[in-house]
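User: Could you walk me through how to read this model? I would like the general idea of each feature and then the case in hand.

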2 protein chains.
Amino acid sequence: MSENKFTDKNVIARCVPMSKLQSVIGGKWKILILWYVAFYKVQRFGELMRRLDGITQSTLTKQLRELENDGFLHREIFKEIPPKVEYSLTEFGESFIPVLQTMMTWSEKYLCPDYVNPYKEIMNE
Amino acid sequence: MSENKFTDKNVIARCVPMSKLQSVIGGKWKILILWYVAFYKVQRFGELMRRLDGITQSTLTKQLRELENDGFLHREIFKEIPPKVEYSLTEFGESFIPVLQTMMTWSEKYLCPDYVNPYKEIMNE
DNA sequence: ATTCTTAGTATCTAAAAAAATACTACTACT
DNA sequence: AGTAGTAGTATTTTTTTAGATACTAAGAAT
């Protein structure tokens with residue numbers, strides 16, 4: 001019986017957090033959507049459409065539904081005409097903010113050293 | 001001219017860190033691979049194959065090449081038979097460790113509350 | 001001589017994700 | 001009467017991503 005800690009099959013067999021994380025925030029748009037909702041306080045469908053350059057309506061709808069089903073977003077429907085829907089972070093979604101923050105800070109520094117985030121102060125609210 | 005900070009087209013047009021991050025760590029296996037290399041010190045192709053339950057050889061090769069091209073991994077070829085190749089984090093890759101750590105900590109707590117990471121201490125090296 | 005080992009490559013196929021397109025509802029405004 | 005506005009749905013097509021399968025090299029062990 002090896003003492004090598006890397007041979008423990010249980011590690012693989014059991015719930016693997018990173019794997020779950022990938023399945024939850026993977027895809028082309030999720031972290032971007034969360035980022036907008038979390039830091040830029042973007043709440044409405046149309047606003048998100050304009051921000052997420054190149055996304056289609058149906059894709060955005062699907063992503064938002066998934067984020068809602070995974071517990072990150074709350075979707076509030078206003079019974080108005082024209083229709084109004086507001087998206088906001090749930091408590092669970094807010095727990096994810098530090099992760100987004102770490103991601104953003106790293107990306108700014110290492111992926112986009114030339115990029116100056118004009119709303120940096122918002123992130124420290 | 002609106003003073004609304006959300007109308008600034010430059011924000012969209014310029015390099016968007018989160019978008020880049022997504023394109024770099026997106027996909028089904030990348031953060032998992034990085035996590036294994038970073039924390040479990042898994043370095044060899046075969047070992048990664050065994051860890052990444054369900055991945056195929058060609059997919060793993062492709063992912064590793066992309067991580068190498070994106071600057072995260074260093075690939076060292078030993079001129080031996082049978083072939084030996086070792087993967088390790090570059091300096092750039094190591095700069096990403098805090099992000100992985102934040103991700104992992106959050107996922108453990110919020111996605112897998114029942115999961116007890118048996119190698120938690122490794123993460124605080 | 002045959003088999004095992006590792007780390008692949010090459011090609012093809014399947015599945016998943018995203019995009020394109022067309023359509024809806026209800027009201028206000030022109 | 002026609003158009004704009006918002007937030008969608010439904011369906012099909014395209015693109016992207018990952019998987020399946022077959023194959024290779026070169027020495028070591030049996």
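**Helices across the two chains**

Analyst: Happy to. Helix α7 (residues 97–111) of chain A and helix α7 (residues 97–111) of chain B have axes that come within 9 Å and cross at roughly 170°. That makes α7(A) roughly antiparallel to α7(B). A word on the source: this is a predicted model, where local features need pLDDT of at least 70, side-chain atom pairs count only at pLDDT 80 or more, and totals for chains, interfaces and linings use all residues. Residues are numbered from 1 along each chain as its sequence is written, while chains are lettered from A and ligands numbered from 1 in the order in which they are written.

User: How do I read terms such as helix, axis and antiparallel?

Analyst: Two packed helices are described by the angle between their axes and the distance between the axes. Axes are lines fitted to C-alpha atoms, for helices over the stretch in contact, and angles run from 0 to 180 degrees between N-to-C directions. Angles under 35 degrees count as roughly parallel, over 145 as roughly antiparallel, 65 to 115 as roughly perpendicular and the rest as oblique. Helices (H or I, at least four residues) and strands (E, at least two) are DSSP runs, numbered from the N terminus.

User: Which residues of α7(A) and α7(B) meet?

Analyst: Contact here asks that the C-beta atoms of two residues, placed from the backbone, lie within 7 Å. On the α7(A) side you find Pro98(A), Val99(A), Thr102(A), Met103(A) and Trp106(A), and they meet Pro98(B), Val99(B), Thr102(B), Met103(B) and Trp106(B) in α7(B). By class, this contact of α7(A) with α7(B) has eight nonpolar, two polar and no charged residues. In that sorting, Ala, Val, Leu, Ile, Met, Phe, Trp, Tyr, Cys and Pro count as nonpolar, Asp, Glu, Lys and Arg as charged, and the others, Gly among them, as polar.

User: At what angle do the axes of α2 of chain A and α7(B) cross?

Analyst: Helix α2 (residues 17–25) of chain A and α7(B) have axes that come within 9 Å and cross at roughly 90°. That makes α2(A) roughly perpendicular to α7(B). Pro17(A), Met18(A), Lys20(A), Leu21(A) and Val24(A) in α2(A) meet a set in α7(B) made up of Met103(B), Met104(B), Ser107(B), Glu108(B) and Leu111(B). Seven nonpolar, one polar and two charged residues make up the contact of α2(A) with α7(B).

User: And how do α7(A) and α2 of chain B pack?

Analyst: α7(A) and helix α2 (residues 17–25) of chain B pack at an angle of about 90°, with their axes 9 Å apart. They are therefore roughly perpendicular to each other. Among the residues of α7(A) in this contact are Met104(A) and Glu108(A), and those of α2(B) include Lys20(B) and Leu21(B).

User: Let's turn to the strands. How do β1 and β2 of chain A run?

Analyst: Two strands pair if DSSP finds at least two bridges between them. In chain A, β1(A) and β2(A) run antiparallel and are joined by six bridges. They form a hairpin with five residues between them, and Ile77(A) has Val85(A) in β2(A) as its bridge partner.

User: What about chain B?

Analyst: Strand β1 (residues 73–78) of chain B pairs with β2(B) in the antiparallel sense over six bridges. Arg75(B) has Tyr87(B) as its bridge partner, and His74(B) stands opposite Ser88(B).

User: Where is Pro82(A), and is its bond from Ile81(A) cis or trans?

Analyst: Pro82(A) sits in the loop between β1 (73–78) and β2 of chain A. The peptide bond from Ile81(A) to Pro82(A) is cis, with omega near -5°. In chain B, a cis peptide bond joins Ile81(B) and Pro82(B), with omega about -5°.

User: Finally, which residues come nearest to DNA strand C?

Analyst: A residue is near a molecule or strand if its C-beta atom, placed from the backbone, lies within 6 Å of it. Of the 21 residues around DNA strand C, Gly27(A), Lys28(A), Gly46(B), Pro82(B) and Pro83(B) come nearest. The residues of this surface divide into eight nonpolar, 10 polar and three charged.

User: And around DNA strand D, how many residues are there?

Analyst: DNA strand D is surrounded by 22 residues, and the closest are Gly46(A), Pro82(A), Gly27(B), Lys28(B) and Thr59(B).
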